[in-house]
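The following paragraphs lead through a single protein chain, from its overall layout to some of its details. Please keep the sequence and the model in view while reading.

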Amino acid sequence: MKLQELKSFTGKTYLTIHYDEQNKWVYNDWIGYVTPENVKQGSLAVLEAIKQHSAACGLNDNRHLVGRWDDSVEWIEDVWIPAAAEAGLQYYAHVANEDAFAAASSSNMLSRVQGRFEMRIFGGIKEARDWLTACQQK
């Protein structure tokens, strides 16, 4: 179920947020280039979806993301990660675009989670879904 679609000031979609009712997780699809403000607005919208659905699992898809988002990693560490953990997020599967510069930003985020929830980075969506499904069966 599509919850939200966020657009940049130029009118291009940079994030769609879905709630997967069957699997009970929030799915985010980041698209194109994102500004630090896009990352903040989008991440806060994802956080609201996690809260709204009491989702313990998140599937963050960066396969369609092109540029790096390093400028936002400190904010993610200081604001988003603690808030997501407090909202009940336990497992976060992150699908990186290994051919894009965004993969380095993903690794940077992973190093900052510090056990507040379990996060893994995947090269493909199937592996990420399989991991989340296994986590739900723990």
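The protein chain has four helices and six strands. This is a predicted model. Read from the N terminus, the elements follow the order β-β-β-α-β-α-β-α-β-α. The chain has 138 residues, of which 49% count as buried. Counting contacts between residues at least 6 apart in sequence, 72% join residues at least 24 apart.

Is Asn38 buried or exposed? Its relative accessible area is 8%, and residues under 20% count as buried, so Asn38 is buried. Apart from neighbours within four places in sequence, Asn38 is in contact with Ser8, Tyr14, Trp30 and Tyr33.

H1 also meets another helix. Two packed helices are described by the angle between their axes and the distance between the axes. The axes of H1 and helix H2, residues 73-86, come within 10 Å and cross at roughly 10°. Angles under 35 degrees count as roughly parallel, so H1 is roughly parallel to H2. On the H1 side, the residues that take part are Val39, Lys40, Ser43, Leu44, Val46, Leu47 and Ile50. They meet Trp75, Ile76, Trp80, Ala83 and Ala84 in H2. Sorted by class, the contact between the two helices has 10 nonpolar residues, one polar residue and one charged residue.

The next topic is the aromatic rings. How many aromatic pairs does a search of the whole structure find? The search finds six. In one of them, the rings of Tyr91 and Trp131 have their centres 6.1 Å apart and their planes at 85°. Planes over 60 degrees apart count as edge-to-face, which is why this pair is described that way. The pair links distant parts of the chain, with Tyr91 in strand S5 (residues 91-95) and Trp131 in helix H4 (residues 125-136), 40 residues apart. Tyr91 counts as buried, at 13% relative accessibility. Trp131 is buried too, its relative accessibility being 9%.

A further pair involves Tyr92 and Phe117, whose ring centres are 5.9 Å apart. Their planes stand at 70°, so this pair is edge-to-face. Here too distant parts of the chain are linked, 25 residues apart: Tyr92 belongs to strand S5, while Phe117 lies in the loop between helix H3 (102-113) and strand S6 (118-122). Both Tyr92 and Phe117 are buried. Ring pairs also join these two residues with Trp80 in a cluster.

The last topic is the cysteines. A disulfide is a covalent bond between the sulfur atoms of two cysteines. How many disulfides does a search of the whole structure find? It finds zero. For Cys57, the closest cysteine sulfur is that of Cys135, at 6.4 Å. A disulfide requires sulfur atoms within 2.5 Å, so this separation is too far for a bond. Seen from Cys135, the closest cysteine sulfur is in Cys57. Both residues are buried, Cys57 at 2% relative accessibility and Cys135 at 3%.

Notes
Residues numbered from 1 in each chain as written. Predicted model: local features only at pLDDT ≥ 70, side-chain atom pairs only at ≥ 80, totals over all residues. Heavy atoms only, no water. Phe/Tyr/Trp six-rings, centres within 6.5 Å; stacked < 30°, edge-to-face > 60°. Helix = DSSP H or I, 4+ residues; strand = E, 2+ residues; numbered from the N terminus. Buried < 20%, exposed > 50% of the residue type's maximum accessible area, 1.4 Å probe, protein only. Contact = heavy atoms within 4.5 Å. Axes fitted to C-alpha atoms, helices over the stretch in contact; angles between N-to-C directions. Parallel < 35°, antiparallel > 145°, perpendicular 65-115°, else oblique. Nonpolar A, V, L, I, M, F, W, Y, C, P; charged D, E, K, R; others polar.
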